[in-house]
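The following note sets out points for a colleague reading this entry.

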Amino acid sequence: MQYTLIRGAATCALAAALALGATSVSAFGPGGPTGPAGAATESDASKGEELFGRNCQQCHNSRGKGGKGPQLVKGAWGPGGANSDDYMYKIISEGRANTQMGGFGPALKPEEIRQIIAFLREEAKRVQAADRKAATQDEGQWY
Ligand code: HEC
């Protein structure tokens with residue numbers, strides 16, 4: 001269980017390092033120097049977090065935990081859940097007819113939609129780890 005906490009701290013440090021080194025990282029373009037096109041990276045997730053904050057948060061709440069719109073980080077959206085990245089991409093791009101969920105295809109670039117998905121996938125893993133911790137540990141110990 002402590003492993004999870006340490007890993008979380010390491011991820012934060014990495015995200016900070018990436019933010020500082022953003023110019024050199026982006027010089028390689030999305031996916032990094034050798035990464036396959038479209039593969040999610042840590043910097044995709046942090047860009048996605050910013051995009052999510054600007055475009056989605058007002059309905060899906062901060063970090064996708066749900067508000068006016070449904071949560072996007074648990075259950076079928078969680079790690080190993082039924083919903084695929086492609087399915088998510090389609091909804092974000094096209095929206096859902098006759099709901100408040102509009103299509104973002106015209107407003108966001110394909111890579112930006114993928115960055116948002118990368119962020120939601122990372123967040124779903126954090127939520128899963130936190131839920132597991134809460135279920136197996138005395139509450140309050142780490143807060
Ligand atoms: C104006 C409010 C609003 C905004 C802004 C919005 N959504 Fe939604 N979203 C909704 C609502 C409401 C639904 C539920 C639609 C339905 O009834 O099927 C939804 C559904 C979804 C779903 C499907 C959820 C499910 O359980 O089936 C995804 C994925 C999603 N939104 C992602 C996003 C992303 C990513 C963004 C930002 C790019 C975004 N939404 C912006 C309101 C919004």
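1. A nonpolar core is here a set of buried Ala, Val, Leu, Ile, Met, Phe, Trp, Tyr and Cys residues joined through C-beta atoms within 7 Å. A residue is buried if 20 or more other C-beta atoms lie within 10 Å of its own. The coordinates under discussion are those of a predicted model. The largest nonpolar core holds 14 residues, and those touching the most other members are Val73, Trp77, Ile116, Ile117, Phe119 and Leu120. At least two residues of this core come from each of α3 (42–55) and α6 (110–136). The greatest contribution is that of α6, which gives 7 residues. In soluble globular proteins, nonpolar side chains tend to be buried together.

2. Once residues up to four places away in sequence are set aside, leucine 120 touches Gly64, Leu72, Val73 and Trp77. Two of these partners, Val73 and Trp77, are named with Leu120 among the core residues that touch the most other members.

3. The overall composition of the protein chain may be stated briefly. The secondary structure comprises 6 helices and 0 strands, and the order of elements from the N terminus is α-α-α-α-α-α. Of its 143 residues, 20% count as buried. Among contacts between residues at least 6 apart in sequence, 61% join residues at least 24 apart.

4. How do α3 and α6 cross? Their axes come within 7 Å and the crossing angle is roughly 100 degrees. An angle of 65 to 115 degrees counts as roughly perpendicular, and α3 is therefore roughly perpendicular to α6. On the α3 side the contact is made by Asp44, Ala45, Lys47, Gly48, Glu49, Leu51 and Phe52, and on the α6 side by Glu112, Arg114, Gln115, Ile116, Ile117, Ala118, Phe119 and Glu122. By class, the residues of this contact comprise 7 nonpolar, 2 polar and 6 charged. Ile116, Ile117 and Phe119 of α6 take part in this contact and are also listed among the core residues touching the most other members.

5. Is histidine 60 buried or exposed? Histidine 60, which lies in helix α4, counts as buried because it has 21 C-beta neighbours inside 10 Å. Apart from residues up to four places away in sequence, its contacts are Gly66, Gly67, Gly69 and Leu72. Between histidine 60 and glutamine 71, which are 11 residues apart in sequence, the C-alpha to C-alpha distance is 6.1 Å.

6. Asparagine 61 has 17 C-beta neighbours inside 10 Å and so counts as partly exposed. Arginine 63 has 20 such neighbours and therefore counts as buried, the cut-off for burial being 20 or more.

7. Glycine 103 counts as partly exposed because 15 C-beta neighbours lie inside 10 Å. Its contacts, leaving aside neighbours within four places in sequence, are Ser93, Glu94 and Gly95. The C-alpha atoms of glycine 103 and isoleucine 92 are separated by 5.8 Å, although the two residues are 11 apart along the chain.

Notes
Residues numbered from 1 in each chain as written. Predicted model: local features only at pLDDT ≥ 70, side-chain atom pairs only at ≥ 80, totals over all residues. Buried ≥ 20, exposed ≤ 12 C-beta atoms within 10 Å, placed from the backbone. Helix = DSSP H or I, 4+ residues; strand = E, 2+ residues; numbered from the N terminus. Contact = placed C-beta atoms within 7 Å. Axes fitted to C-alpha atoms, helices over the stretch in contact; angles between N-to-C directions. Parallel < 35°, antiparallel > 145°, perpendicular 65-115°, else oblique. Nonpolar A, V, L, I, M, F, W, Y, C, P; charged D, E, K, R; others polar.
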